[in-house]
Amino acid sequence: MEMKNLIINGKEYSVPNDMTILEACRTVGVYIPTLCWLKDVNEIGACRICVVEVKGARSLVASCVYPVADLRPGSEIFTNSPAVIEARKTTLELILSTHDKKCLSCVRSGNCELQTLCNEYGIENEGRFDGAVEAYDIDTSATHMIRNNNKCILCRRCSAVCSKIQSVAVIGANERGFKTHIGCAFEADLGDVACVSCGQCINVCPTGALTERDDTDKVFAALSDPSKHVIVQTAPSVRVGLGEEFGLPIGTIVTGKMVSALKRLGFDGVFDTNFTADLTIMEEATEFLDRYTKKENLPLITSCSPGWIKYCEHYHPDMIPNLSSCKSPQGMFGAVAKTYYAEKMGLDPKDIFVVSVMPCTAKKFEAERVDHSAVKGIPDIDVAITTRELARMIKKCGIMFNMLPDEEFDKPFGLGSGAGTIFGATGGVMEAALRTAAIKLLGVELPDVELKEVRGIEGIKEATYNLAGNEIKVAVASGLANAKALLDAVKSGEKRYDFIEIMACPGGCVNGGGQPIQPASVRNFVDLRAVRGAALYEDDRQLPVRLSHENEDVKAVYDEYFKEPGSHRAHEVLHTGYIARPKY
């Protein structure tokens with residue numbers, strides 16, 4: 001690696017020549033604040049918070065886009081000179097002059113990058129640039145999120161992620177000058193465009209301009225209703241994300257404390273979505289082998305990611321026949337709860353209130369799909385909340401999360417298998433399905449249940465497996481721009497696969513739109529996908545059961561209710577269909 005000697009704040013350092021000034025300074029322990037910069041996504045130097053002084057330069061430079069390669073050896077850089085600090089303070093005052101400063105009631109208070117910087121630089125609420133500003137209506141039209149342009153700072157992180165990472169591009173900068181704002185084409189509401197509800201824009205927003213729709217009041221109301229039997233399920237990625245909301249290191253597994261907290265909130269049953277992830281594998285592996293044998297509607301494409309499903313319905317409706325008809329694990333849990341569980345517990349399905357805790361904002365959209373209901377007129381899922389919303393409930397109720405003892409999930413849907421756990425990481429659904437397809441359905445003994453070829457955070461992964469003489473070509477994509485590239489290759493005939501897993505969020509559910517929000521100072525330098533995903537794989541290794549078909553609770557449900565995977569009853573309860581949706 002080519003290095004270059006620079007003098008940073010009076011000290012000489014050797015730094016990589018292929019970095020920006022901002023990145024180079026970080027390697028030697030010098031932090032430079034940012035608001036607009038997202039590494040490899042939004043490198044536009046727009047907010048000017050990251051300015052530094054380069055001796056000899058005519059003006060301050062934006063360190064996030066200034067290459068070290070353009071500096072002479074021995075160049076002097078000052079990141080905290082009086083001129084730099086004054087420039088940052090002025091920029092913050094200008095941003096605040098058009099900002100809705102209702103911080104006390106903002107869901108991002110305490111985790112707002114603008115608020116943090118204003119505190120660090122001593123910026124007051126009332127500034128010298130304050131004046132009349134244009135007020136925007138709050139957009140509540142989308143199922144999954146709220147958009148409040150009064151809190152937007154025009155960093156453009158959201159539109160960059162929507163366009164470059166998700167290939168959806170339904171939001172962008174409208175108008176010019178003081179009237180510039182982020183919006184949809186022709187000022188349409190977000191609920192009226194082909195947004196896929198992934199929530200990636202929320203995760204990168206530095207302020208409270210974009211937030212998930214908060215449904216915690218609905219959960220509290222149900223818990224207070226004596227006529228309701230309220231049960232909750234938690235997705236695998238929640239257990240490696242929730243701890244971050246309580247100051248624990250990224251990727252800490254908090255399954256036991258999470259269960260303990262949910263029981264203290266008053267749920268009548270606390271269950272593991274891993275159970276229905278295992279159920280999904282039983283159905284999906286069976287469906288795949290049936291299609292593979294008949295050579296019909298291949299490649300089979302997984303259906304566990306509702307953001308991907310909505311994207312497919314909007315942008316690739318011709319691929320709908322290739323989608324697995326299996327409901328997602330969230331949907332399967334709700335369906336089983338209001339059929340098998342209702343019968344087993346002697347409850348009327350209409351009295352069962354199912355809450356899902358998910359790492360994904362698109363689960364809110366999925367929960368409201370009336371075409372997914374197993375019992376006519378009764379939704380499978382009553383409320384879906386995010387990891388962040390659960391954390392707020394725990395804090396509101398005064399539950400001291402870090403002091404809780406570890407407790408276990410309730411029966412009859414206890415702890416799922418390791419195969420269910422890895423659903424949260426990209427490639428996990430594929431790996432879990434192949435584990436069961438090979439062993440249970442094809443009778444092939446795998447040398448290792450860990451299929452590392454489909455692991456990792458790469459956007460597109462490919463592998464070929466020889467199972468019982470059958471050559472099975474598989475692919476995994478995460479992030480919808482990667483999904484688009486993969487599908488285009490399939491449609492053109494450039495690539496041929498038998499089985500494809502697609503996750504809407506880059507890295508899978510561990511990086512879902514409802515996971516704890518980390519500031520750019522962390523997100524730009526720590527791969528959240530890899531750290532959280534590694535925790536799920538470690539959880540898989542520690543669990544006593546690592547194969548979906550060996551889950552005793554799953555076996556019991558089939559013995560007592562569905563009889564076998566792919567049965568008529570299983571199709572009635574656990575499977576669904578999809579519809580083509582317009583883009584506009």
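Guide: Helices (H or I, at least four residues) and strands (E, at least two) are DSSP runs, numbered from the N terminus. The protein has 19 helices and 17 strands by that count. Its radius of gyration, taken over C-alpha atoms, is 25 Å, close to the 25 Å that the globule rule gives for 584 residues, so the protein is as compact as a globular protein of that length. That rule is 2.2 Å times the number of residues to the power 0.38.

The model is predicted: local features need pLDDT of at least 70, side-chain atom pairs count only at pLDDT 80 or more, and totals for chains, interfaces and linings use all residues. Residues are numbered from 1 along each chain as its sequence is written, and side-chain values use heavy atoms, with hydrogens and water left out.

Now the sheet. It is open, with 5 strands in the order E2-E1-E5-E3-E4. Its pairing is mixed. Two strands pair if DSSP finds at least two bridges between them. Strand E2 (11-16) and strand E4 (61-62) are the edges, each pairing on one side only. Strand E1 (residues 3-8) runs antiparallel to E2, over 6 bridges. Met 3 has Pro 16 of E2 as its bridge partner. Strands of a sheet pair through backbone hydrogen bonds, either parallel or antiparallel.

Back to the whole protein. Buried residues (under 20% relative accessible area, 1.4 Å probe, protein chains only) make up 59% of the 584. Contact means heavy atoms within 4.5 Å. Among contacts between residues at least 6 apart in sequence, 74% join residues at least 24 apart.

Key:
Buried < 20%, exposed > 50% of the residue type's maximum accessible area, 1.4 Å probe, protein only.
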